[in-house]
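Let's take a friendly walk through a protein model together. Have the sequence and the 3D view ready, and look for each part as we come to it.

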Amino acid sequence: MEDQNKLINEVTQRDYRFGFVTDIETDTIVKGLNEEVIRIISAKKDEPEFMLEFRLKAYRRWLTMKMPEWAHLKIPVIDYQEIIFYAAPTQQAKYESLNEVDPELLRTFEKLGIPLEEQKMLSGVAVDAVIDSVSVKTTFKETLAERGIIFCSFSEAVKHHPDLIQKYLGMSVPYNDNYFAALNSAVFSDGSFVYIPKGTRCPMELSTYFRINAQNTGQFERTLIIADDDSYVSYLEGCTAPMRDENQLHAAVVEIIALDRAEVKYSTVQNWYPGDKNGKGGIFNFVTKRGVCKGVSSKILWNQVETGSAITWKYPSCILAGDNSVAEFNSVALTNNFQQADTGTKMIHIGKNTKSTIVSKGISAGRSSNSYRGLVRVAPKAENARNFSQCDSLLLGDTCGAHTFPYIEVGNSSSVVEHEATTSKIGEDQIFYCNQRGISTEDAIGMIVNGYAREVINKLPMEFAVEAQKLLQISLEGSVG
Amino acid sequence: MLVIKDLYAKVEGKDILKGINLTVNAGEVHAIMGPNGSGKSTLANVLAGHTNFEVTHGTVTFNGKDLFEMSADVRAKEGLFLSFQYPVEIPGVSMVNFLKTAVNEHRKYHNQKELSAGDFLKLMREKKAMVQIDSQLTNRSVNEGFSGGEKKKNEIFQMAMLEPKLAILDETDSGLDIDALRIVSNGVNMLKNKDNATILVTHYQRLLDYIVPDFVHVLYEGRIVKSAGKELAFELEEKGYDWIKKELGE
Ligand SMILES: Nc1ncnc2c1ncn2[C@@H]1O[C@H](COP(=O)(O)OP(=O)(O)OP(=O)(O)O)[C@@H](O)[C@H]1O
Ligand SMILES: [Mg+2]
């Protein structure tokens, strides 16, 4: 535990060291959604014509679409005319001091070992000091630039690398893919852009932590990652601190393209505000994440630990187009109190000898609902495709629900698709065994749950793994009495 | 050390313990024998604080403190150890991590500094030698895939790590091969001193050759119906329980 705390401190200190930028201009705010709003967004961002067209096309399509209703979720009606679709990413102080912030939230920060200044940032308290991060940022950028790696905000990429954007935007997630993807395509604010040139191994984990100016990209984030032939990159998204956000609706899009023999590892720790114990408030998280293994022998890995949001609707997927390509989805989704999650993946096998693996670990507590939804589709031409799916559900208590919805479509006879599913209850006897060795019930649950999720957590980069473990434990506090 | 007075307990609405009286002093070894289903494990679980069991009457003091005022983990940290008849598996939780947490929770409770990783591993090596447990086992998840005998050995290894004041060994001997029985018994004997006590739950006199009891009790239908010295175990081995039932007028 001591080692872990130290590590967590280190991790969060570093995060702190890179700091946040608070000095961002405020801008006009427009409420509601129509073509005019989209033109304003595009104009304010000084976008080239093709971007505006992309947005308008998406908007017009969105108008004809309906909110998906197939998920095992109860989603309240969302009034899109009440949403502000363009606000410059400001860091407006909501509070004068930490004393005004929800003490529960502060307790969690403390447990995660988040430094004080950062606690203020995250909970929206006015911060005077901007930590000097320029030098670190510069070294970091230089290292990447030397190798020709592009890592910048999406807006910067549109300005400086429009050719890449034009070529790849919408390749994984077309503007008309689904209701939320269309909405995102119309109004997305900002996000990250990554390009790894041919034959290049990115020498460090790329993390949203490093992306100083795009820190607060708001509700409609868009990320595009392109790994050119024979390249490798590991990308980390998220933060274990429970981010307070006044925006209820989040509809992000992440696109990954892996070319010949390229490998992309995308790890997420999602801990958006889940709402309070009574199910009040919390983020609605409707994300579209998809990777295309476009090249031969390419590889895409989705690793995720999801503990936040009131509603999660998320299916990081892979299209295995290139022959011999490989995809993995490793997920831990934890729901507590009144949280609802409908999450899973889609593995679409198109190329020959393609291989996908799905490991999904659901953990439900309180009165929450946790569903796994997975599609494995093997196209007729995808000879010798292989899929293995393992979907486990762990229940804490008997007021929560876990559901598994596997869909399997195999279009040829040389392919093998295997699916295993288990549902278990956290054993009273396991908890008692820990108790009997002097371990409190709270710690015991954390330990057992982490043991259950071990297989997935081990796939995360080291520093993320340590944070994720702590996070699972904290998210379950008070869930078993 | 342990004083049980007129203890009644039930599980799932069924009365299992029906008036247990037992006093265990420091330095003593007590053996509890009795037919299947008589309530031996129930007694062990009630003492250790399993919430499945409801105490309906009676008192238990442990080192002068009211045992029922303490949660199960506090009882453990106060020095009560139970070697389970059926140790559970905890997948994905490594033995090392599990024991390090356990040992340090004990130390914190007693206001001692937590052990560093190095010191902990040293302690573990020492105790592993004592019960001759395979290193392979301690590198695995808690009890996961352990054989019956390995699980029992692992219980005694944990006991050695935690050095309890009162150890309750629930059928630790069943499932052990002849060599393992000797090794485990030696371990228990080495851990014995004038300040701690042991309660052995067993069906076989054989164990008592290795760990010699000061008292042997017969638990029958939720009550201790007979107590005597170690010779009682021989008598039971020879004659079974029928004569006791007869004595009770059944
Ligand atoms: N969780 C439970 N639910 C229902 N009945 C139980 C439970 N635990 C124990 N019992 C019952 O209580 C009685 C006593 O069981 P206990 O395990 O204490 O016996 P024991 O003396 O340890 O037997 P053995 O020698 O076979 O280990 C038995 O009839 C058993 O079926
Ligand atoms: Mg028993």
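## The magnesium site

In this predicted model, the magnesium ion (ligand 2) is coordinated by B:S41 through OG and by B:Q85 through OE1, at 1.9 to 2.1 Å. Donors here are N, O and S atoms within 2.8 Å of the metal (3.2 Å for Na, K and Ca); water is not among the atoms, so sites may look incomplete. B:S41 lies in helix α1 (residues 40–48) of chain B, while B:Q85 lies in the loop between β6 (80–83) and β7 (90–94) of chain B, so the pair ties together parts that are 44 residues apart in sequence. Helices (H or I, at least four residues) and strands (E, at least two) are DSSP runs, numbered from the N terminus.

Are these two residues buried or partly exposed? B:S41 is partly exposed, with a relative accessible area of 22%, and B:Q85 is buried, with a relative accessible area of 17%. Buried means under 20% relative accessible area and exposed means over 50%, with partly exposed in between (1.4 Å probe, protein chains only).

## How to read the model

Residues are numbered from 1 along each chain as its sequence is written, and chains are lettered from A and ligands numbered from 1 in the order in which they are written. Because the model is predicted, local features need pLDDT of at least 70 and side-chain atom pairs count only at pLDDT 80 or more, while totals for chains, interfaces and linings use all residues; side-chain values use heavy atoms, with hydrogens and water left out.

## Where chain A meets chain B

How many residues does each chain bring to the contact? Chain A brings 20 residues and chain B brings 34, where contact means heavy atoms within 4.5 Å. Chain A and chain B bury about 2200 Å² between them, and 60% of that is on carbon and sulfur atoms. Buried area is the accessible area (1.4 Å probe) that two parts lose on being put together, summed over both. In chain A, the residues that lose the most area to chain B are A:F432, A:Y433 and A:R437, together 34% of what that side buries.

One of these residues also takes part in a salt bridge. A:R437 pairs in this way with B:E155, and their closest N and O atoms are 2.6 Å apart. A salt bridge is a side-chain nitrogen of Lys or Arg within 4 Å of a carboxyl oxygen of Asp or Glu. On the side of chain A that touches chain B, the elements giving two or more residues are α10 (428–436) and α11 (441–457) of chain A. The most comes from α10(A), with 8 residues.

## Inside chain A

The secondary structure of chain A comes to 12 helices and 21 strands. Of its 481 residues, 58% count as buried. Among contacts in chain A with a separation of 6 or more, residues 24 or more positions apart account for 85%.

A:G191 counts as buried, at 0% relative accessibility. The C-alpha atoms of A:G191 and A:R222 are separated by 4.7 Å, although these residues are 31 residues apart along the chain.

## Salt bridges to look for

A search of the whole structure finds 24 salt bridges over all chains. One of them joins the side chains of A:E455 and A:K361 (3.7 Å, N to O). This pair links distant parts of the chain, with A:E455 in helix α11 of chain A and A:K361 in strand β17 (residues 355–364) of chain A, 94 residues apart. A:E455 is partly exposed, with a relative accessible area of 42%, whereas A:K361 counts as buried at 7% relative accessibility.

In chain B, B:K239 forms a salt bridge with B:E235, with the closest N and O atoms 3.2 Å apart. Both residues lie in helix α9 (residues 231–239) of chain B, 4 residues apart, about one turn of the helix.
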